[in-house]
Amino acid sequence: MSSVIDWENTPNPVKENRGGVIGKPVDRYEGPLKVTGTAPYAYEVTPPSPPAYGVMVSAPIAKGRITAVDTAAAEAAPGVLLVWTHRNAPAQGPRPARYDFFTPSPRPALESDQVHYFGQQVAVVVADTLENAQAAAALVRLSYAEDPKAVVLAQHHAEAVQPPGESDVEIGDFEAAFAAAPVTVDDVWKTPLQNHCQMEPCATTAWWEGEQLTVHTSVQMVRFAQNSLAETLMMPHKQVRLLTRYVGGGFGGKGSFYEDLVLASLAARELGRPVKIAFSRQQMMHGTVHRPATEIRVRLGATPDGRLTALSLMTTTHCDRRGNFTEHASNFARSLYAAPNRLTGHRLVRLDLPVASAMRAPGEASGTLSLEVAMDELAEKLGMDPVELRILNEPQSDPETGKPFSIRQLVRCFREGAQMFGWDRRNPIPGRERDGRWLVGMGTAAAIRGNFLLPAKASFTVDAQGVVTVRQGMTDIGTGTYTVLAQIAAETLGVPLADVRVEIGDSELPPAPGSGGQFGAATAGSAALDAGMNLRTAIAELAANDPASPLYGGPAGAVVFQDGVVAIGNRSERLADLIGRNRPDGLTADGEVRPAADASQWSSHTYGAHYVEVGVDPVTGEVRTRRMLGVFAAGRILNWKTARSQLTGGMIWGVGSALTEGNAPDPRYGSLINQDLASYLVPVQADIGELDAIMLDEVDDKANPMGIKGVGELGISGAGAAVANAIYNACGVRVRDYPITPDKLLAGIIAAGG
Amino acid sequence: MKTTITVNGEPRALDLDPRTTLLDALREALRLTGAKKGCDHGQCGACTVLVNGVRINSCLSLAVMHDGDDVTTIEGVGAPDRLAPIQQAFLTEDAFQCGYCTPGQICSALGMLAEVAENWPSQETADLTGRVRLTDDELRERMSGNICRCSAYPQIVAAIRSAAGDLA
Amino acid sequence: MRPFTYERAASAEAAVKAAADRPNARFIAGGTNLLDLMKLEIETPAHLIDVGRLPLAAIEETAEGGLRIGAMASNSAVAAHAAVRSRYPVLTQAIVAGGSPQLRNKASVGGNLLQRTRCAYFYDTAKPCNKRAPGSGCGALEGLNRNAAIFGASEACIATHPSDMAVALSALGATVETLSNQGDRRRLELDELHRLPGETPQVETALAPGELITAVVLPPPPAGGQAYRKVRDRASYAAGLASVAVADGRIALGAVAPKPWRAAAAEAALAAGASPAEAIAAELAGAHDRGRNGFKIDLVARLVPAAIAQARGERP
C-alpha cells in the first residue's frame with residue numbers, strides 16, 4: 001500500500017519533467033479525427049453486417065402501470081422485425097432494490113408493467129430501417145392506470161428525511177452563535193432541476209459472435225457498464241466486450257447506462273444481426289438522469305469587523321423513489337471558510353421524477369450558488385470588499401476537521417485575479433455604472449472542488465519500432481484523457497509524442513474507474529505512471545542483461561530514457577534497437593494505483609476565484625456576460641491547453657446555471673416542461689463574452705504520485721454565483737431563485753423602483 | 001425514390017425512402033458519419049452541412065429535396081492527414097472537447113465566413129447599409145446556431161479568427 | 001414520421017392542382033418547421049408537394065414603390081437584400097433575430113409565416129392540446145404557461161405565434177399574395193392572414209386548404225424610423241419572451257399573442273398625441289395574465305417605449 005509520504009519523497013519522470021512534455025499545451029491526441037468527423041461515436045461504428053434499427057417508446061405517465069398492450073399495428077408495419085414490451089421482453093437479471101453509481105448490478109429494461117417516471121422506456125421496436133422503426137414505434141398502443149404522483153419539491157418538504165447513513169455535522173454551537181452574531185445573513189436559495197444535454201444522445205451498436213457480445217456505447221465508466229450489462233443479460237462478464245472510444249459529452253449523465261445498451265444487446269441476440277439504438281433528444285430529458293433541484297438555507301453570522309462566527313448550509317433536495325442519490329450541496333462549505341460554529345446537512349425528498357444523479361460538480365455546482373452569494377450579501381452589510389471578506393475568513397487548517405490542507409492557494413487566486421481583472425475599478429454601490437443601455441456590474445466568488453483518487457490499472461507496451469502503447473479501460477469524454485496519457489507515456493519512457501499510442505475505452509483493457517468526479521486524470525494517470533515506471537525497470541534490466549547492448553552490465557538503476565534512446569552515461573542505443581533485438585513482439589508492463597493509506601490525514605481540494613462583469617438592461621431585465629476571468633489552483637497541470645479548456649467550459653456552465661438553465665415539473669402530468677434544446681436553454685456562443693482561465697503554478701504532492709488534481713469540475717464551482725453577484729452590483733437586485741431570467745430580474749427592478 | 005446528390009464533389013445515386021432526412025442519408029446510406037445527430041430538430045447545429053455552399057441543418061431537410069444539389073460535409077473539408085486550415089485552427093486552439101459538435105461547428109464556420117464575404121447582416125450588425133465588420137460580437141452571434149455543451153466557445157472564436165485571417 | 005409520398009411541383013399552378021387532387025397533402029418549402037413537427041407526428045401529411053424550387057424567390061420593386069418578396073425567398077436572402085436593409089431595416093432586424101443562420105438559410109418567407117406555435121404543450125403529444133388534438137383541452141391554461149399569450153387568446157388556446165419576421169411585416173403593413181387550389185389569385189392583409197384561436201385553435205390562418213402563399217408585398221416604406229427589439233432568455237437562438245416592431249407610427253408585437261399583434265390601441269393613442277408609455281398602456285389594458293406570463297405585461301410596457309425611442313433615433 002502506498003502512502004502520501006512515499007509520493008512526496010519519491011522522484012518520478014512526471015515530477016522531474018526532463019523532456020518538458022508534462023504541462024506542455026500539446027494538441028489533442030484524437031483531435032485530427034474529431035475535426036474531420038472521422039472519430040466513430042457509438043452509433044457510427046461499422047458492425048460486421050448491416051444493422052437493424054431500434055427505436056424506444058416512452059411512458060406518457062409519471063406513475064402507475066401498463067394495463068393493456070396492443071402491438072399489432074406496430075408488428076404489421078413495414079420492415080418491423082421485433083416489438084417488445086414488458087410482456088415479451090427476454091428474461092434479465094433482477095434489479096436490486098437500491099443501487100448506486102459504482103456497484104455493478106443488473107439494470108433490466110422493460111422489466112415489468114410498473115411505470116416509475118414520465119419518459120421511462122416501455123417498449124422497443126426494431127426494424128430494417130430507422131424510418132420504419134420510428135414510424136412503427138408510434139403505432140405501439142399501451143394503456144395505463146395512473147397512480148397519484150408527487151413531483152414538486154416545494155410541495156413535499158414534510159416528507160424530507162435525513163439521507164440514509166448521514167447525519168448533520170455541527171461544530172461548536174451554531175444556533176447560539178448565530179443568534180448572538182451582530183451581523184447576519186439568513187436566506188434561501190433555490191436551484192432548479194437541470195439536464196446534462198450532452199451533444200451526443202446515448203446510443204449503442206451491438207452484435208454477437210456466438211456467445212460473445214460486442215457493444216459500442218457511450219458511457220463514462222467502462223468496467224461498471226460492462227459488468228452491469230453482463231449481469232443484466234445473466235452471462236459471464238468476460239463474454240461481454242464493451243467499447244466506448246469516443247464519448248460525445250458525459251458530465252455525469254453517462255456515469256450509468258440506459259436501456260439503449262440493454263435492448264440493443266438483447267435485440268441483436270434475438271435477431272442474429274447487429275442492432276443499434278439511440279435515444280432521441282426528447283427521450284434524453286426524462287429517460288436518463290438529471291441534477292435534482294435544491295433549496296439551500298444559508299445562515300451566516302459575523303462580527304462587525306467581518307469575522308465569521310457562525311456558518312450553516314442546510315440543503316433540501318430530491319431523488320427518485322428507488323434511487324439513493326443526494327445532491328450534497330452543503331458539503332463544500334465544510335472546508336471553505338473559517339467559523340468556529342458550524343452546521344451543515346441535507347434533507348432528501350423522494351419524488352416520482354426520473355432518476356436524480358451526478359451532474360458536473362455535484363454538490364458544489366448548486367451549493368456555491370447559495371453561499372457565495374450570501375458572502376456577497378454579508379460583505380455589503382459589513383461595508384467590506386467581498387474579496388477582503390473572504391480573505392479575512394481564510395482558515396489555516398480545515399475548519400471542520402482541523403486537518404492540514406495538502407496545499408491551499410485560494411487567497412493567491414483571489415489576489416492575482418483581482419489584479420488581472422481590474423477589480424479595483426468596481427463601484428461598491430450597485431447601479432451606478434452604465435454603458436449605453438446596459439448597467440454594468442462586477443462580481444466575484446470562490447471556487448472549490450474536492451480531490452479524489454480511486455484504484456486503477458494500466459499497461460504499457462513498447463514495440464520493436466520503439467512505439468509505446470498505453471492501454472487502459474479509461475474514457476475520454478472530452479476531458480483530454482487520450483492526450484494526457486500520451487504525455488505521461490512520452491515523458492516516462494523518454495519517447496517523442498509521435499511514438500505514443502493510446503488505447504482506451506475498451507473493457508478488455510486494464511480497468512480504470514472512468515471519467516467522473518474530477519478524478520479521471522489523477523486516477524488513470526497515476527496508474528499509467530506506475531505502468532510506465534515498471535516498463536522502465538523492465539527495459540533497464542533487459543539492457544543491463546543483454547550482452548549485445550552498449551548498456552550491458554548496467555547498472556540498471558542508472559538507465560536514462562530520452563529522445564527514444566536508452567543510455568547510461570555515454571553508453572547508449574535506440575530503444576527500438578534494444579526491444580527489436582530482445583523482444584520483437586514487444587515488452588509489456590502493468591501498473592496500478594491505490595489511494596494512499598494515509599491520504600485522509602489531509603484536506604485536499606482544488607480552488608479558484610471567479611471575476612465576472614455583466615451588463616443588465618434595466619428596461620428588459622436581460623443580462624449579458626461581458627468579461628469573465630477564473631484563476632485556479634489545481635495541482636500540477638499536465639496539459640495547459642486541455643486543462644484551460646476544461647476550466648473555461650466549466651465557467652460557461654456556471655453562466656448557464658445562473659442565467660438560463662432549469663427544468664420545471666408539471667405536477668399534473670409529472671413531466672418536465674422543457675423536453676428539447678429549443679426549450680432547455682444551454683448557453684450559446686453569443687451568451688459568452690471575453691472569458692479566460694488562468695492556472696497558478698502548483699504541485700500538490702499529497703494528492704497522488706504526480707502531484708496533479710482534477711480541473712473538470714472546478715470551473716463551474718462558484719462561476720454562477722459570481723454572475724449573480726455581478727448582476728446585483730449592476731442593478732441592485734438579488735434573485736435567489738435560479739436561473740436569473742429576465743422575468744424575475746425585471747420584477748426585482750420594478751419592485752426596487754427601477 | 002431515386003435521388004442523385006453530389007456529395008463532396010462526387011455524384012451519389014441513391015434510392016431512398018422519402019422520409020429519409022439529408023442527415024440520415026449521409027450517415028446511414030452513405031456512411032458519412034461526420035455530420036452528427038445531436039437533436040434531430042434544428043436546435044443544436046451538430047448536423048450542419050453546406051448545400052450549394054450555404055450552411056443548413058441537414059436534419060430538417062429531406063434527402064429527396066436535394067436531388068441535383070451539391071453537398072459538402074466535414075469529410076469533404078479535409079482529412080486527418082491533410083487538415084484544412086479551419087480544421088487545423090480548431091485543433092491548435094483546442095476549439096472542441098468531446099468533438100461531437102465539431103464537424104457542425106466547422107461547416108458552420110465555413111458557411112458563416114462566406115456569408116460575411118457576401119456582406120450578409122446579423123443582429124449584431126449596427127449599420128445595415130455598410131460593410132459588415134467581423135468583430136468578436138459578430139462572430140459569436142453568427143456562430144450561435146451551433147451549440148457546444150462542452151462550451152469551447154472562446155476557443156472556437158479564436159480558431160475561426162485565426163483561420164479567417166484578417167477578414168475583420 | 002408516418003409514410004408519405006413526395007412530389008416536386010413544376011409550377012405554382014401544378015402545385016395547387018396537386019394539393020386539390022390529394023387529400024391530406026402539404027406544401028413543403030424549407031421544411032424547417034414542417035419536418036420538425038412530422039418527426040413528432042404532430043403533423044402527419046400523406047403527401048408532400050415540394051414547392052421550394054418554384055421560381056417564386058425573386059425580390060423586386062413594385063410599381064407603387066414597394067417591394068414584392070417571393071414566398072420561396074429564403075429568410076436570409078430577404079434579410080440580406082439591399083433594398084430591404086436600406087428601406088425596411090425593421091424587417092432585416094426581425095429576421096436576423098429569429099432562429100439560427102442555418103435555419104434562416106433554409107426557411108422560406110411563406111413557411112416562416114405559417115410556422116406553428118412553440119408552446120410546450122403543443123409539442124408534447126402526451127399532453128392535451130386543442131390546437132394539435134381538437135377537443136382534448138389546453139394543457140397550458142393551468143400549466144407552466146410562462147410563454148403564453150397576453151393578447152388574443154381564448155380559453156381553448158393561449159399559445160403564441162413564434163415568428164419574428166411576421167411582426168415586422170405587420171408593422172410595415174404588408175400584404176400576402178396567394179394562389180388558391182382552384183388557381184385563383186388573391187391578396188390579403190398580413191394582419192388578416194392569421195386567425196385568433198377562439199373555439200378552433202387548430203385553424204390558424206385564413207388560407208383555404210391547398211392555398212399557396214406566392215409572395216409578400218411591402219408598401220412603400222413609411223416616412224418615420226423603424227426598429228425591432230426582441231427579449232429572450234438567452235442572447236441568441238431562442239424564442240422571444242416579447243418583441244416589438246416599430247415602423248413610423250405603426251407598432252406590432254411578437255411572442256405575446258396567437259398572431260403578430262398589431263397594437264391598434266397604442267397606435268391610435270400615439271397618433272392622438274399620447275406618450276409612448278401612455279400609448280402602450282392603452283394597449284395593455286386589454287392584456288390577460290394567465291398565471292405565469294404576467295411579466296410580459298410589464299416587459300411590453302417598458303420595451304415598446306424603448307423601441308419607439310430607438311426608431312426615433314433617440315439615445316437610450
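Which residue forms a salt bridge with Arg437(A)? In this predicted model, the partner is Glu622(A), and the closest N and O atoms of the pair are 3.6 Å apart. The pair links distant parts of the chain, 185 residues apart. Arg437(A) sits in the loop between strand S19 (434-435) and strand S20 (438-450) of chain A. Glu622(A) sits in the loop between strand S28 (605-616) and strand S29 (623-633) of chain A. Arg437(A) is partly exposed, with a relative accessible area of 28%. Glu622(A) is buried, at 2%.

Other salt bridges were examined next. Side chains of opposite charge can pair when their charged atoms come close. Over all chains, a search of the whole structure finds 79 salt bridges. One of them brings together the side chains of Arg299(A) and Glu175(A), at 3.3 Å from N to O. Arg299(A) is buried, with a relative accessible area of 8%. Glu175(A) is partly exposed, with a value of 40%.

A further salt bridge joins the side chains of Arg734(A) and Glu377(A), at 3.7 Å from N to O. Arg734(A) lies in the loop between H18 and H19 of chain A, and Glu377(A) in helix H11 (residues 364-382) of chain A, so the pair ties together parts that are 357 residues apart in sequence. Both Arg734(A) and Glu377(A) are buried. Salt bridges with shared partners join these two residues, Asp187(A), Asp376(A) and Arg736(A) into one network.

Salt bridges also cross between chains. Between chain B and chain A the count is five. In one of them, Glu44(A) pairs with Lys36(B), and the closest N and O atoms are 2.9 Å apart. This contact takes 50 residues from chain B and 62 residues from chain A. The two chains bury about 4500 Å² between them, with 54% of it on carbon and sulfur atoms. Three residues, Gln97(B), Arg149(B) and Tyr153(B), supply 18% of the area that chain B buries against chain A, more than any other three residues.

Chain B also meets chain C. Here the contact takes 41 residues from chain B and 40 residues from chain C. About 3100 Å² is buried between the two chains, 57% of it on carbon and sulfur atoms. Two salt bridges are found across this interface. Arg53(C) forms a salt bridge with Asp69(B), with 3.4 Å between the closest N and O atoms.

Attention then turned to helices in chain A. Helix H15 (residues 520-544) and helix H16 (residues 575-582) pack at an angle of about 75°, with their axes 11 Å apart. H15(A) is therefore roughly perpendicular to H16(A). From H15(A), the residues Ile539(A), Leu542(A) and Ala543(A) meet Leu575(A), Leu578(A), Ile579(A) and Asn582(A) of H16(A). Six residues of this contact are nonpolar, one is polar and none is charged.

Helix H7 (residues 222-232) of chain A is mostly covered, with nine of its 11 residues buried. Among the buried residues are Phe224(A), Asn227(A) and Leu229(A). Their cover includes strand S11 (212-217), strand S12 (240-243) and helix H8 (259-271) of chain A. H7(A) is followed by Met234(A), whose phi is positive, near 55°.

Backbone geometry gave further cases. Most residues other than glycine have a negative phi, and most peptide bonds are trans. Phe251(A) has a positive phi of about 60°. Phe251(A) lies in the loop between S12 and H8 of chain A, and is buried at 11% relative accessible area. Asp40(B) has a positive phi near 65°. Asp40(B) is buried too, with a value of 13%. A cis peptide bond joins Gly554(A) and Pro555(A), with omega about 5°. The bond from Tyr738(A) to Pro739(A) is also cis, with omega near -5°. Pro739(A) is in the loop between helix H18 (719-731) and helix H19 (742-751) of chain A.

Technical notes
Residues are numbered from 1 along each chain as its sequence is written. Chains are lettered from A and ligands numbered from 1 in the order in which they are written. This is a predicted model: local features need pLDDT of at least 70, side-chain atom pairs count only at pLDDT 80 or more; totals for chains, interfaces and linings use all residues. Side-chain values use heavy atoms; hydrogens and water are left out. Axes are lines fitted to C-alpha atoms, for helices over the stretch in contact, and angles run from 0 to 180 degrees between N-to-C directions. Helices (H or I, at least four residues) and strands (E, at least two) are DSSP runs, numbered from the N terminus. Angles under 35 degrees count as roughly parallel, over 145 as roughly antiparallel, 65 to 115 as roughly perpendicular and the rest as oblique. Contact means heavy atoms within 4.5 Å. Ala, Val, Leu, Ile, Met, Phe, Trp, Tyr, Cys and Pro count as nonpolar, Asp, Glu, Lys and Arg as charged, and the others, Gly among them, as polar. Buried area is the accessible area (1.4 Å probe) that two parts lose on being put together, summed over both. A salt bridge is a side-chain nitrogen of Lys or Arg within 4 Å of a carboxyl oxygen of Asp or Glu. Buried means under 20% relative accessible area, exposed over 50%, partly exposed in between (1.4 Å probe, protein chains only).
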